[in-house]
Amino acid sequence: MRRTFRTVAAGAVCSAALAALTAVPAQAHEPEHRAPHWELKDTGASAVRFRGLSAVSRDTAWVAGTQGTVLRTTDGGASWRNVSPPGATDLQFRDIEAFDARRAVVLAIGEGEASRVYRTDDGGETWTESFRNTDAKAFYDCLTFFDRRHGLAMSDPVDGKFRILSTSDGGRSWKVLPSDGMPAALDGEAGFAASGQCLVASGPSDVWLATGGGARARVLHSRDRGLTWTAADTPIPAGDPAKGVFALAFRDRTHGLAVGGDYRPDQASPQAAAVTGDGGRTWRPAAEPPPAYRSGAAWLPHSRTVALAVGPTGTDLTTDGGRTWQTVDTGSYDTVDCTADLGCWAAGEQGRVARLEL
């Protein structure tokens with residue numbers, strides 16, 4: 001979900017933080033200085049894997065994961081409230097989009113009726129199930145919002161084409177869009193419900209969909225909120241159900257990043273990142289990609305060149321718009337999200353949630 005960055009004060013704070021991120025590490029005789037780093041927050045949910053994450057600010061974030069779990073913090077991660085929908089323990093939540101501390105939409109994945117959408121307007125005190133999939137051939141992976149009312153969710157191909165759900169009331173109701181404007185899927189092609197970032201939006205009408213599993217890893221782009229789509233090949237390897245583009249991040253309608261690889265831990269992931277400067281019409285491989293599979297990515301606000309990528313083996317930083325990447329942390333995370341006040345959060349296995357500390 002794209003957010004507008006407006007405040008001059010926030011820009012000044014973030015400029016200083018970005019300078020620190022790219023600075024030469026402090027010498028040994030300066031023990032009082034510590035470079036920006038992930039600081040783990042105790043969620044009390046070590047049995048849960050959080051692949052869904054929505055950062056609202058440095059204080060407020062939502063995470064969603066296995067066992068139908070949804071947690072929310074409003075104090076920067078010092079404490080977490082379990083706000084899981086009742087009766088959802090058998091569901092796998094893989095994506096969550098929050099508008100503020102009270103309103104959020106969460107997606108459960110799976111075949112048939114396991115794919116569901118819930119919405120809350122009271123901070124998770126109550127939830128309304130707004131969509132339940134009744135097509136056994138559909139499997140929903142990700143959702144995204146253009147604004148507080150308009151959003152989309154995507155399913156793996158049904159009858160040879162990716163299926164798109166649309167909402168115009170903030171996720172309170174959904175309808176399946178016509179498939180006439182969707183290009184045919186490749187054999188074996190699908191999305192990856194790995195980080196909630198296989199479907200991302202920027203601006204009032206642009207949206208991108210990441211794929212893998214087929215002969216080529218592709219990114220599909222729509223300029224009209226999902227009615228018509230074009231497809232572009234990426235240099236990220238595919239050709240196997242475990243390979244492809246796992247996450248996208250666009251800082252505007254033109255500049256985007258794609259990360260992925262092979263999620264199997266015993267397999268190498270060369271060319272695990274790509275970059276576009278033309279809205280996804282063409283993709284170039286990173287000159288120095290992350291060293292391993294990455295499942296999540298996020299641009300840092302108030303910067304045209306700095307972004308983070310995360311995966312089970314670490315976090316990578318780019319300071320040149322995705323051309324080169326450098327590993328800056330070896331902790332395991334599946335997804336990452338940043339806000340205007342540099343409230344960068346990451347989440348993953350064993351209940352791991354961290355915030356970028358400056």
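Author: Here's a tour of the core, then a sheet, then the rings.

A bit of housekeeping: this is a predicted model, where local features need pLDDT of at least 70 and side-chain atom pairs count only at pLDDT 80 or more, while totals for chains, interfaces and linings use all residues. Residues are numbered from 1 along each chain as its sequence is written, and side-chain values use heavy atoms, with hydrogens and water left out.

Let's start with the largest nonpolar core, which has 30 residues. By nonpolar core I mean a set of buried Ala, Val, Leu, Ile, Met, Phe, Trp, Tyr and Cys residues joined through side-chain atoms within 4.5 Å. Buried means under 20% relative accessible area, exposed means over 50%, and partly exposed is in between (1.4 Å probe, protein chains only). The members touching the most other members are M154, I164, L199, L209, W229, L248 and W283. Two or more residues each come from β11 (151-158), β12 (161-167), β14 (199-202), β15 (206-210), β16 (218-222) and β18 (243-250). β15 gives the most, with four residues. Those strand names are DSSP runs (E, at least two residues), numbered from the N terminus.

Now zoom in on L248. Leaving out residues up to four places away in sequence, L248 touches Q197, V200, W208, L209, A210, V219, L257, A258, W283 and A297, where a contact means heavy atoms within 4.5 Å.

V200 and W208 also turn up in a sheet: V200 stands opposite W208 in β15. The strands β14 and β15 pair in the antiparallel sense over four bridges; two strands count as paired if DSSP finds at least two bridges between them. They belong to an open sheet of four strands, ordered β14-β15-β16-β17, with antiparallel pairing. β14 and β17 (230-233) are the edge strands, each pairing on one side only. From one strand to the next, the twist averages 25 degrees (axes are lines fitted to C-alpha atoms, and angles run from 0 to 180 degrees between N-to-C directions).

On to the rings: the structure holds twelve aromatic pairs. Rings of Phe, Tyr and Trp (its six-membered ring) pair if their centres lie within 6.5 Å, and planes under 30 degrees apart count as stacked, over 60 as edge-to-face and the rest as tilted. F99 and F145 have ring centres 5.0 Å apart and planes at 85 degrees, so they're edge-to-face. F99 is in the loop between β6 (92-98) and β7 (104-111) while F145 is in strand β10 (residues 139-145), so the pair ties together parts 46 residues apart in sequence. Both F99 and F145 are buried.

F246 and Y263 make another edge-to-face pair, at 6.1 Å centre to centre with 80 degrees between the planes. F246 belongs to strand β18 and Y263 to the loop between β19 (256-262) and β20 (273-276), 17 residues apart. F246 is buried, with a relative accessible area of 2%, whereas Y263 is partly exposed at 44%. Together with F192 and Y293, F246 and Y263 form one aromatic cluster.

Rings meet charges here as well. The charged end of R72 sits over the ring of W62, 5.8 Å from its centre, and R225 lies over the face of F146, at 5.6 Å from the ring centre. That label needs NZ of Lys or CZ of Arg within 6 Å of the ring centre and within 35 degrees of the ring normal.
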